[in-house]
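Reader: I am new to reading interfaces between chains, and I would like to go through one with you step by step. Could we look at it together?

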There are 2 protein chains.
Amino acid sequence: MAKRQTLFKEISPSEFFYRNRDLAGFSNPSRALYSATRELVENALDACEAAQILPDIFVRITSADFDGALTDPKPYILKVQDNGPGIEPKYVPDAFARIFYGSKFQLKQSRGMFGMGATMAILYGQVTTNRPVLVTTSVDGEKAYTFELMVNIHDNTPLVLNKSVKPAFGKTGVSVQLTLEGDYGRAGSKIQEYFKQTALVTPYANILFIDPNGKLFYYERVTEKMPKPAKETLPHPLGIDLEALRRLLKESKESTLKKFLSKNFHRVGDRIAEDFLRYAGLDPNKKPQDLTNDEITRLGAALHSYDKFLPPDSRCLSPLGEELLATGIEKELQPEFVAVVQRPPSAYSGFPFIVEVGLAYGGKNVEAGLKLLRFANRIPLLYDEANDVSWKVVNEEIDWKRYKIPQDAPLTIITHVCSTKVPYKTVGKEYLADRPELERELKNGLREVLRRLSTYLSRKSTLAFVKKKMNIYEKYLPLIARFSAELSGAPRPPNYRKLLKKSIEEPFVENSEKAIEGERVDYGEEVVKFEQRRLEEYCR
Amino acid sequence: MAKRQTLFKEISPSEFFYRNRDLAGFSNPSRALYSATRELVENALDACEAAQILPDIFVRITSADFDGALTDPKPYILKVQDNGPGIEPKYVPDAFARIFYGSKFQLKQSRGMFGMGATMAILYGQVTTNRPVLVTTSVDGEKAYTFELMVNIHDNTPLVLNKSVKPAFGKTGVSVQLTLEGDYGRAGSKIQEYFKQTALVTPYANILFIDPNGKLFYYERVTEKMPKPAKETLPHPLGIDLEALRRLLKESKESTLKKFLSKNFHRVGDRIAEDFLRYAGLDPNKKPQDLTNDEITRLGAALHSYDKFLPPDSRCLSPLGEELLATGIEKELQPEFVAVVQRPPSAYSGFPFIVEVGLAYGGKNVEAGLKLLRFANRIPLLYDEANDVSWKVVNEEIDWKRYKIPQDAPLTIITHVCSTKVPYKTVGKEYLADRPELERELKNGLREVLRRLSTYLSRKSTLAFVKKKMNIYEKYLPLIARFSAELSGAPRPPNYRKLLKKSIEEPFVENSEKAIEGERVDYGEEVVKFEQRRLEEYCR
């Protein structure tokens with residue numbers, strides 16, 4: 001029997017992602033240019049928002065080949081600069097040139113989720129162009145530190161090639177400049193779409209983008225209102241696994257299990273802790289550090305099956321809010337009709353989330369046909385649409401006939417999911433898993449905005465209908481008025497013009513309210529009846 | 001201006017994948033049970049094949065809750081055992097309980113690609129049930145070592161809880177037994193489908209699977225022929241990046257650039273190396289270790305743009321081969337008609353690949369309608385079909401009308417891609433990226449098997465047609481024969497039976513060959529003409 005012994009070896013995290021860069025969205029020059037831009041812009045926006053600074057983001061992509069002799073794919077220089085709080089210089093080498101070192105490893109809503117976007121962009125730039133990244137940071141507005149960095153991929157450690165200090169002239173923030181192989185010819189339209197959609201969900205940001213052809217895209221701030229910053233939160237008992245539970249118990253400073261539960265879990269107070277421990281059959285006064293392995297397993301199972309925990313609190317989330325979302329949609333799409341809905345907070349396996357749904361109909365920038373714009377924690381998601389839970393809901397779970405919207409209506413649907421943990425299915429953050437709780441909230445939100453559109457379209461068609469009616473009334477009403485005046489012996493015919501005007505305005509108020517609550521109302525008949533009644537009353 | 005400093009921290013690879021287990025296919029109890037089974041089975045098959053041992057794989061899933069009181073999701077015990085060469089005991093703790101430590105980090109075709117499947121399964125089991133994994137291994141058939149392991153997630157190190165030795169009774173191989181939260185109620189049908197499809201591409205393996213309900217699934221070996229094992233290969237110049245190039249140069253023991261190129265690259269000999277260095281404008285006698293950063297960049301760019309490198313050699317690949325694939329299809333699907341095609345080797349960004357396409361039509365186990373079975377390096381891919389390059393080719397790039405196959409025909413298409421690097425888009429290995437080279441080969445392979453099916457269906461309908469014709473000939477030929485014998489004064493009529501028999505057999509040989517090469521041939525008319533000619537010749 002032929003035998004061969006297997007060879008084993010260990011690789012570093014950098015090495016793993018260097019070998020498998022497809023996994024993080026860096027699969028080819030076009031996609032990589034898109035991903036690098038997006039990761040740096042998202043870090044910039046996260047930094048500003050966490051510090052509650054109105055973001056001013058500057059992005060420039062230039063060809064690294066200055067005489068323009070090369071064709072795509074070719075090296076590009078990508079620069080992204082923000083006005084955020086800056087990063088302490090001592091953290092810079094690790095934060096930018098080390099995989100699995102970052103600021104996103106907390107239970108908190110942020111655009112970044114895996115803490116490796118910037119490092120992946122730098123790593124990709126390095127392996128395709130052999131050039132270092134330049135990172136400039138200032139936290140005090142006095143001194144700006146510039147680092148020239150590369151990643152030692154084999155060991156996953158940063159290499160500082162150079163470091164210098166200059167005056168910052170009062171400006172704080174971070175600027176990152178890297179060289180990478182890209183393909184703007186292919187990626188250009190996606191990158192432009194990315195900025196357009198980002199502007200839609202961050203109407204409080206100034207974003208300036210200069211593309212390699214020197215074309216300038218400027219998305220101007222239209223509101224100074226920012227969403228409340230997200231807060232870090234304690235884990236919810238429903239979402240805790242045994243590993244996390246063991247760690248909490250081990251590191252616990254509390255003297256009793258009861259105190260341990262109420263200190264370490266989201267929305268667990270003394271009373272719930274007591275009731276729960278009775279349910280779990282564990283002694284409330286036991287020391288958390290003394291639990292045996294079997295007791296930990298039992299505690300974990302009980303945490304998952306006890307059904308009286310309060311649902312997660314959404315205060316740790318930072319949704320856009322209906323006002324900001326509507327502002328963004330109106331600014332970018334200038335539609336004829338807008339509807340936005342924020343659903344109440346919900347949760348999946350212990351992670352709170354909020355769904356916001358917007359709808360834009362008609363107008364200047366809304367194209368014919370149905371278009372879906374997906375967002376998660378304020379990131380536009382542009383790839384792999386057909387795998388996304390929002391796509392599933394829009395295309396498979398809505399009974400479109402109910403809303404009587406014409407098939408090729410100019411309609412754009414916007415979905416925004418924010419959560420302390422967005423259920424992405426790839427490191428490249430392309431699409432969201434179809435968790436049933438998420439599906440339910442998206443469906444409810446979508447139904448609500450569709451109902452509103454349906455009502456609006458109804459009103460619009462009623463208006464046309466009433467106008468047509470009025471044309472007929474206008475023709476005959478003077479005759480009837482004169483005739484009735486003559487019959488009753490009145491000195492002159494009544495003022496029928498007032499009646500005509502009132503007949504157009506009033507029915508809408510009554511019926512549109514009714515429609516928003518439930519089914520679509522067929523205005524046609526009601527309006528006719530109403531008109532008849534009015535006429536009868538008047539002529540009596 | 002409110003400011004908050006960002007907090008940075010580092011996490012271990014285990015910690016990263018523990019937090020983001022969705023990324024590796026462990027998103028919920030149903031999916032996790034499927035992924036864990038699959039990862040362990042694939043390691044078992046890889047081990048046997050690398051050692052050229054005919055695989056005997058035993059898999060058992062049992063409920064860990066022996067009194068059956070719990071409902072899904074609940075803890076299950078998963079056991080996978082192989083008859084491979086075994087793993088040296090000293091490697092066991094790291095190989096099973098450490099992320100980024102493994103045997104798959106080579107440029108070589110294998111089912112495993114990311115080297116983390118088993119560790120992810122163990123990690124998932126640990127965080128959901130708090131139980132250690134049991135790994136038993138024997139490399140000599142004398143001693144079998146059993147390890148009781150857990151993962152120290154925080155540090156990414158193995159924890160050996162226990163270790164024991166027993167006699168192995170002549171058997172080598174590895175057995176893994178872990179406890180994990182699963183949902184067999186939901187995952188069952190996928191797991192069964194997984195085994196069925198695995199049997200289809202490994203007809204040389206015995207696979208025995210016992211499910212939690214005690215149901216036994218046995219896939220028996222039908223051939224002792226195994227595919228040739230895959231070999232490790234040197235990198236192809238087209239696929240090399242600057243990081244890999246820099247490392248090769250640094251570690252090079254060669255004294256000249258020319259020797260460096262011919263020793264370190266796939267299919268680069270002295271002559272090509274010389275010609276290439278002239279093209280790149282680099283001195284062939286320069287020491288590889290002396291290249292400057294700029295020269296490395298230039299060398300890298302030239303390696304990508306030089307167009308006279310030979311294409312990658314497929315000897316490092318281990319496709320199934322047409323014979324084995326057909327055996328597998330016949331065994332599992334028992335179709336009326338089978339066609340298999342192995343395309344010539346091709347490459348994408350320097351990675352060689354081979355596409356094999358099979359088709360099964362009609363018969364016992366092929367359902368009505370079009371079904372697609374996707375495989376990559378002999379792994380069945382069951383999830384996210386609509387994202388896969390094969391799905392795209394089948395549904396969007398084939399002009400089905402050309403092949404005149406009825407819409408609801410019982411038709412199953414099998415695609416198999418094998419490569420030293422399969423372009424998966426997720427760590428969970430669900431689907432392949434649509435690289436253009438891959439798309440082209442799949443399309444060509446698919447066209448070929450469809451042409452063959454088309455020819456077969458044609459022949460089938462011609463057969464029906466000819467039979468009908470023959471019925472008519474049979475009626476009139478005796479009369480004509482007798483009449484012509486009388487006219488010519490022959491003593492007795494010619495033997496028309498021989499003519500009738502020949503007329504049925506011959507046209508098929510001629511026409512079916514013609515059809516395989518190109519378009520479908522309409523036999524009807526040709527057969528009629530042929531018959532007429534024969535008749536005329538005979539009667540002359």
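Reader: How much area do chain B and chain A bury between them?

Author: This is a predicted model, in which local features need pLDDT of at least 70 and side-chain atom pairs count only at pLDDT 80 or more, while totals for chains, interfaces and linings use all residues. Residues are numbered from 1 along each chain as its sequence is written, chains are lettered from A in the order in which they are written, and side-chain values use heavy atoms, with hydrogens and water left out. Buried area is the accessible area (1.4 Å probe) that two parts lose on being put together, summed over both. Of the area buried between chain B and chain A, 49% is on carbon and sulfur atoms, and the total is about 6,400 Å².

Reader: How many residues of chain B are in contact with chain A?

Author: Contact means heavy atoms within 4.5 Å. On the side of chain A, 73 residues take part, and they meet residues of chain B that number 72.

Reader: Which residue of chain A forms a salt bridge with B:Arg247?

Author: A salt bridge is a side-chain nitrogen of Lys or Arg within 4 Å of a carboxyl oxygen of Asp or Glu, and the count between the two chains, B and A, is two. In the one formed by B:Arg247, the closest N and O atoms are 2.6 Å apart, and the partner is A:Glu15.

Reader: By class, how many nonpolar residues has the side of chain B that touches chain A?

Author: Here Ala, Val, Leu, Ile, Met, Phe, Trp, Tyr, Cys and Pro count as nonpolar, Asp, Glu, Lys and Arg as charged, and the others, Gly among them, as polar. That side of chain B has 19 polar and 19 charged residues, and its nonpolar residues number 34.
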